[in-house]
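Below is a short briefing on one protein chain. Take a look at the sequence and the model, then read on.

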Amino acid sequence: MLIHWQSHQEYLAFLHETKVHLDSSQRIRLHSEFAAVREKLRILNLDPVMEDLSQFYSHTGRPAINQVQIIRSLILMVMLRFTSLTAWVEKLKADSLLAVLAGFAPASLAPLGSYFDLMDRLWSQPTALQKTGRKDLFPAHNNKKPSRKPGKGKKLPNKHSGITDTLATYALNHDSFPFHYEERLQQFFRLAALIPSLRDGLFPADGVTLSGDGTCVHSHSSPYGHKVCKCRENGIQHCSCRRHFSDPDADWGWDSDEEVFYFGHTLYMLCSHNPDIGIDLPLHIRFLNARRHDSVSAIVSLREFKTVNPDIPIRDLCLDSAHDNYPTYGLCQEWDIRPFIDLNTNRGRPTSIPDSLSIDQDGTPLCMAGYRMVNWGYIKQKHSRKWRCPFACGKVDSCPCKEKCSPSAYGRCVYTKPEWDIRLYPPVARGTDEYQKIYNNRTSCERVNNRVLNDYHLHDMGIHTRKRYSFFTMVICINIHLDARLKKRQKLAT
């Protein structure tokens, strides 16, 4: 049962009352070393989480205690850049001030096992399918490192041809994909971080601009596993016995930035940028197979975000060239999302565009002299986008084809139709200032990835399995939201 829940008001009162009993050195630390930490914990209201969390506890038996304190303790642990949960639990025992900040009474610190119990309850994978115990053995299959490297700057291709078409069709007809074990974590993250940030105006309620990107997360485990058999003792050096893997979820993937194979996972996030405050916020978190292509991850993440957050409409979607495929554009069209996706230069000219029209790589019409024509807006009556002569618009100083192109001072005009190709002719025309301004938001994902992996030291945490990585990444992202909320409050106060 989950009936002992320290409300936010009770926590604030607890901090105030306990402060009186602190000695002088602890008060100095509270107002200097832990000043920012204290302010962030004061704005962290976990009351909305209780109702959602209570459904994962039995209605009978011994009541669970200190659950909200455990959650707050984990958030505090990540705030202070601790990378070991075991070391953190020991630190709480040795430092009563940290225990107070987490909301623990002096004699009621939670044991280490209670932390892992909470993580397990927020993971929806059936226990029978979780193979993480020391007695779970597997064939030595994870050591098959790919031998063929992709080209420079390239990603590993999808294993199955047409997988993006299949997933896009599935996403249109279903609310979620199978094996969505992160669903509880994503709902928890929504209640603890997204909704409070939405109320604080950190991202717009009438339509958010999402940016998506994946990053490599290296696993702290051996891809070859650990032998538990006695073959070596019996003189057999090479055997095919089953082995224990510390991270059986990890696999080989390709790091296109470093151009090396790595053993681990792919973290895919959807993020938002607020230019007024200068902050980047993670809005959706998903761990996937290390080999998974970003084009697949984007479709899965987009469908899950819409399901978990039906009250947060998506206006724009900014993605890099790895996502340049027709199924993703089709999804955006069906869901009324404006796509801003960088073009993959390896694709050829679509056959649906008339041969009489000369175009640049991004679909912009070219005039007789080879100059890019000027976008002149969308003409509703013709259901077409109008393009004008660059010389007549003053974009070029001279034109060798001035006399034979058009006798009109207005210059030659051509029209392109969106139905010719949804990829080259999205709702906001490529090459325009508006398109570039919105597409610049895409780099917010790279900045959030850097904060998660380096600023908050996810890469330094000695954790294994997708469950643990997903949980601690969620805690890190809650901290990023708290940083942003505190930054806005400080800005308004000045």
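Which residue in β10 is the bridge partner of Val374? The partner is Arg388. The model behind this pairing is predicted. The chain has 494 residues, of which 51% count as buried. Its secondary structure comes to 16 helices and 11 strands.

**Overall layout**

- The C-alpha atoms fill a box of roughly 90 × 70 × 40 Å along the principal axes.
- Three domains divide the chain: domain 1 (8-122), domain 2 (137-344 + 440-493) and domain 3 (351-420).
- Domain 2 is made of two segments, 137-344 and 440-493.
- The C-alpha centres of domain 2 and domain 3 are 40 Å apart.
- Take the contacts in the chain with a separation of 6 or more: 72% of them come from residues 24 or more positions apart.

- An unreviewed UniProt entry places the feature "domain: Transposase InsH N-terminal" at residues 38-109.
- In the model, that stretch is 60% helix and 0% strand.
- Its end C-alpha atoms lie 19 Å apart.
- Helix α5 covers residues 67-79.
- α5 is mostly covered, with 13 of its 13 residues buried.
- Arg81 follows α5 and has a positive phi, near 65°.

**Strand β5 and its partners**

- Strand β5 (residues 260-274) is mostly covered: 13 of its 15 residues are buried.
- Strand β1 (residues 208-218) pairs with β5 in the antiparallel sense, over eight bridges.
- In that pairing, Cys216 has Thr266 of β5 as its bridge partner.
- Thr266 is also the bridge partner of Leu288 in β6.
- β5 and strand β6 (residues 279-289) run antiparallel and are joined by 10 bridges.
- The hairpin of β5 and β6 has four residues between the strands, and Gly278 there takes a positive phi near 75°.
- β4 and β5 pair antiparallel over five bridges.
- Gly253 has Tyr262 in β5 as its bridge partner.
- β4 and β5 also form a hairpin with four residues between them. Glu259 in this turn has a positive phi of about 60°.

**The β9-β10-β11 sheet**

- Three strands form an open sheet in the order β9-β10-β11, with antiparallel pairing.
- β9 (374-379) and β11 (413-416) stand at the edges; each has a single partner strand, so one side of each is left without a neighbour in the sheet.
- The twist averages 30° from one strand to the next.
- β9 and strand β10 (residues 384-388) pair over four bridges.
- Asn375 stands opposite Trp387 in β10.
- β9 and β10 form a hairpin with four residues between them, and His383 in the turn has a positive phi of about 50°.

**Positive phi in loops**

- Most residues other than glycine have a negative phi.
- Phe179 sits in the loop between α9 (163-173) and α10 (183-199).
- Is Phe179 buried or exposed? Its relative accessibility is 58%, so Phe179 counts as exposed.
- Asp336 also has a positive phi, near 55°. Its place is in the loop between α12 (326-334) and β8 (338-341).
- Asp336 counts as exposed because its relative accessibility is 67%.

**Two further loop residues**

- Phe245 lies in the loop between β3 (243-244) and β4 (251-255).
- With 2% relative accessibility, Phe245 counts as buried.
- Phe245 and Ser444 are 199 residues apart in sequence and 35 Å apart in space, C-alpha to C-alpha.
- Arg148 lies in the loop between α8 (112-121) and α9.
- With 73% relative accessibility, Arg148 counts as exposed.
- Arg148 and Pro327 are 179 residues apart in sequence, and their C-alpha atoms are 28 Å apart in space.

Methods:
Residues are numbered from 1 along each chain as its sequence is written. This is a predicted model: local features need pLDDT of at least 70, side-chain atom pairs count only at pLDDT 80 or more; totals for chains, interfaces and linings use all residues. Side-chain values use heavy atoms; hydrogens and water are left out. Helices (H or I, at least four residues) and strands (E, at least two) are DSSP runs, numbered from the N terminus. The expected span of a helix is 1.5 Å times one less than its number of residues. Buried means under 20% relative accessible area, exposed over 50%, partly exposed in between (1.4 Å probe, protein chains only). Domain bounds come from an automatic or database domain assignment. UniProt positions are given in the numbering used here, feature names are shortened, and annotations may be inferred rather than shown by experiment. Two strands pair if DSSP finds at least two bridges between them. Axes are lines fitted to C-alpha atoms, for helices over the stretch in contact, and angles run from 0 to 180 degrees between N-to-C directions. Contact means heavy atoms within 4.5 Å.
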